[in-house]
Amino acid sequence: MLSPRHETGPPGLTTPEGFGAFYEEHIDAVLGFVTRRVADPHLAADLTADIFLAAMGAAAGYRPGRRAPISWLFAIARTIPSGSRGPARDGGAPARLSGRGLLDGEDLASLEERIDSQRAFRQLAESHAVLPEPLRAALDLVVVDELTPAEAAQVLGVTRATIRVRLHRARRALGAVQGSVTEGQLEVSR
């Protein structure tokens with residue numbers, strides 16, 4: 001069952017108006033996802049554009065009843081390499097994003113502010129770098145990105161039971177590595 005904040009899928013994702021509405025509805029979540037992982041505002045803007053470009057390219061295959069929109073976007077986001085600039089800089093790609101321009105001073109300041117506010121999350125991600133990727137991915141999506149275990153399962157293409165097992169193992173491993181991790185920090189009962 002989809003959480004209340006994601007009950008409806010985007011209508012008309014393949015139309016400019018529909019995709020525009022979808023973009024407006026989910027830009028903050030995607031920016032949050034990106035700024036929790038990178039500290040450079042230009043790279044954050046580029047990665048966000050890459051994610052929405054990839055979503056635009058995959059829009060015809062999106063099935064709202066099959067997964068929550070945010071789960072679909074985060075699954076796309078996980079395929080975009082965060083350490084390099086991706087397809088949004090390829091020839092013609094920026095033109096496909098209607099109205100996308102260079103970052104102005106206000107946009108840059110806003111992204112820098114968001115990145116600063118996400119510093120603690122990036123430090124948390126660095127501290128659990130000792131975890132194997134499947135455990136780290138589950139932890140990131142549930143604890144850092146605040147998805148439900150069901151939504152995280154959709155992003156990763158696994159069952160809810162698998163996510164819960166991964167979260168349990170991650171909590172146990174981090175507890176062993178960092179001394180003790182409080183239940184409040186790794187709450188997974190949502």
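Q: At 37% relative accessibility, does Arg78 count as buried, partly exposed or exposed?
A: Buried is under 20% relative accessible area and exposed is over 50%, with partly exposed in between. Arg78, at 37%, therefore counts as partly exposed. The model is predicted, and the value for Arg78 is computed from it.

Q: With which residue does Arg78 form a salt bridge?
A: Side chains of opposite charge can pair when their charged atoms come close. In this case the partner of Arg78 is Glu133, and the closest N and O atoms of the two are 3.2 Å apart. The pair links distant parts of the chain, with Glu133 in helix H7 and Arg78 in the loop between helix H3 (69-77) and helix H4 (93-96).

Q: Is Glu133 buried, partly exposed or exposed?
A: Its relative accessibility is 36%, so Glu133 counts as partly exposed.

Q: Which residues do salt bridges that share partners join into one network?
A: Arg36, Arg37 and Asp145 form that network. The structure holds 4 salt bridges, among them the pairs Arg36 with Asp145 and Arg37 with Asp145.

Q: How far apart are the closest N and O atoms of Arg36 and Asp145?
A: They are 2.8 Å apart. This pair also links distant parts of the chain: Arg36 is in the loop between helix H1 (16-35) and helix H2 (41-58), while Asp145 is in the loop between H7 and helix H8 (149-156). The residues are 109 apart in the chain.

Q: And how far apart are the closest N and O atoms of Arg37 and Asp145?
A: For Arg37 and Asp145 the figure is 2.6 Å. Here too distant parts of the chain are linked, Arg37 being in the loop between H1 and H2 and Asp145 in the loop between H7 and H8, 108 residues apart.

Q: Which of these residues count as buried, and which as partly exposed?
A: The cut-off for buried, under 20%, applies again. Arg36 has 11% relative accessibility and so counts as buried. Asp145 counts as buried because its value is 7%. Arg37, at 29%, counts as partly exposed.

Q: Why is helix H7 described as largely enclosed by the rest of the structure?
A: One reads this from the burial of its residues. The buried residues are Leu135, Ala137, Ala138, Leu139, Asp140, Leu141, Val142, Val143 and Val144.

Q: Which residue with a positive phi follows H7?
A: That residue is Glu146, with phi near 60°.

Q: How many helices and strands are there in the protein?
A: There are 9 helices and 0 strands. Along the sequence the pattern reads α-α-α-α-α-α-α-α-α. The protein has 190 residues, of which 42% are buried.

Q: At what angle do H1 and helix H5 pack?
A: A packing is described by the angle and the distance between the axes. H1 and H5 (residues 105-117) pack at about 60°, and their axes are 9 Å apart. Roughly perpendicular begins at 65 degrees, so H1 and H5 are oblique to each other. Their crossing is right-handed. Asp28, Leu31, Gly32 and Thr35 of H1 make the contact with Leu111, Arg114 and Ile115 of H5. By class, this contact has 3 nonpolar, 2 polar and 2 charged residues.

Q: Are H2 and H5 roughly perpendicular or roughly parallel to each other?
A: The angle is again the guide. H2 and H5 pack at about 95°, with their axes 9 Å apart. The range for roughly perpendicular is 65 to 115 degrees, and H2 and H5 are therefore roughly perpendicular to each other. H2 contributes Pro41, His42, Ala44 and Ala45 to the contact, and H5 contributes Leu108, Leu111, Glu112 and Ile115. These residues divide into 6 nonpolar, 1 polar and 1 charged.

Q: Among contacts between residues at least 6 apart in sequence, what percentage join residues at least 24 apart?
A: The share is 69% in this protein.

Q: Where does Arg160 lie, and how far is it from Pro149 in space?
A: Arg160 lies in helix H9, residues 160-178. Arg160 and Pro149 are 11 residues apart in sequence and 6.2 Å apart in space, C-alpha to C-alpha. At 47% relative accessibility, Arg160 counts as partly exposed, because the class of exposed starts over 50%.

Terms used. Residues are numbered from 1 along each chain as its sequence is written. This is a predicted model: local features need pLDDT of at least 70, side-chain atom pairs count only at pLDDT 80 or more; totals for chains, interfaces and linings use all residues. Side-chain values use heavy atoms; hydrogens and water are left out. Buried means under 20% relative accessible area, exposed over 50%, partly exposed in between (1.4 Å probe, protein chains only). Helices (H or I, at least four residues) and strands (E, at least two) are DSSP runs, numbered from the N terminus. A salt bridge is a side-chain nitrogen of Lys or Arg within 4 Å of a carboxyl oxygen of Asp or Glu. Axes are lines fitted to C-alpha atoms, for helices over the stretch in contact, and angles run from 0 to 180 degrees between N-to-C directions. Angles under 35 degrees count as roughly parallel, over 145 as roughly antiparallel, 65 to 115 as roughly perpendicular and the rest as oblique. A crossing is left-handed if the near helix is turned anticlockwise from the far one by less than a right angle, and right-handed if clockwise. Contact means heavy atoms within 4.5 Å. Ala, Val, Leu, Ile, Met, Phe, Trp, Tyr, Cys and Pro count as nonpolar, Asp, Glu, Lys and Arg as charged, and the others, Gly among them, as polar.
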